[in-house]
Amino acid sequence: MFSELRLFAAIAILTVPLAVGCGGTRSDQIPVTGKVSFDGQPVEQGTITFMPVSGVGQTTGAEIVAGSYSTTVSPGEQAVQITANKTVVKENPTEEEVQRGLTESTEQYLPVKYNRQSELRVTVSADATTHDFDLQP
């Protein structure tokens, strides 16, 4: 029984630091805000995602609302992906689509160079907490 207790204690001592490290105090995170526009107009709704280029730190994201976002981000160089959706009204919906309320759809309208194939980068630090993005077609 004594050896079982020692084994349990050893496992607990080894796993507690791992659980704390993975858990999620995000004390190293830096508050980041900014504006996002496309072709000179604010992005009304969308998402922005920050991913550490080094692989160290957390991937974080935020909603873009009326051209603005606010989140917390790990310090260092970040790859950035931005998506934005708009509602598109179908020009000639079928009778069935009208009856089912399917006369609108949502469409991602930013070029892939800002999302799936993004090369956007920013460096986040305590001295650089505002990052605006003026995206062009």
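Me: How many helices and strands does the chain come to?
Reply: Quick heads-up: this is a predicted model, where local features need pLDDT of at least 70, side-chain atom pairs count only at pLDDT 80 or more, and totals for chains, interfaces and linings use all residues. Residues are numbered from 1 along each chain as its sequence is written, and side-chain values use heavy atoms, leaving out hydrogens and water. Helices (H or I, at least four residues) and strands (E, at least two) are DSSP runs, numbered from the N terminus. On that basis, the chain has two helices and nine strands.

Me: Is valine 36 buried or exposed?
Reply: Valine 36 sits in strand E1. Buried means under 20% relative accessible area, exposed over 50%, partly exposed in between (1.4 Å probe, protein chains only). Valine 36 has a relative accessible area of 1%, so this residue is buried.

Me: How many Å apart in space are valine 36 and isoleucine 82, C-alpha to C-alpha?
Reply: Contact means heavy atoms within 4.5 Å. Leaving aside neighbours within four places in sequence, valine 36 is in contact with residues including Tyr69 and Ile82. Valine 36 and isoleucine 82 are 46 residues apart in sequence, and their C-alpha to C-alpha distance is 8.8 Å.
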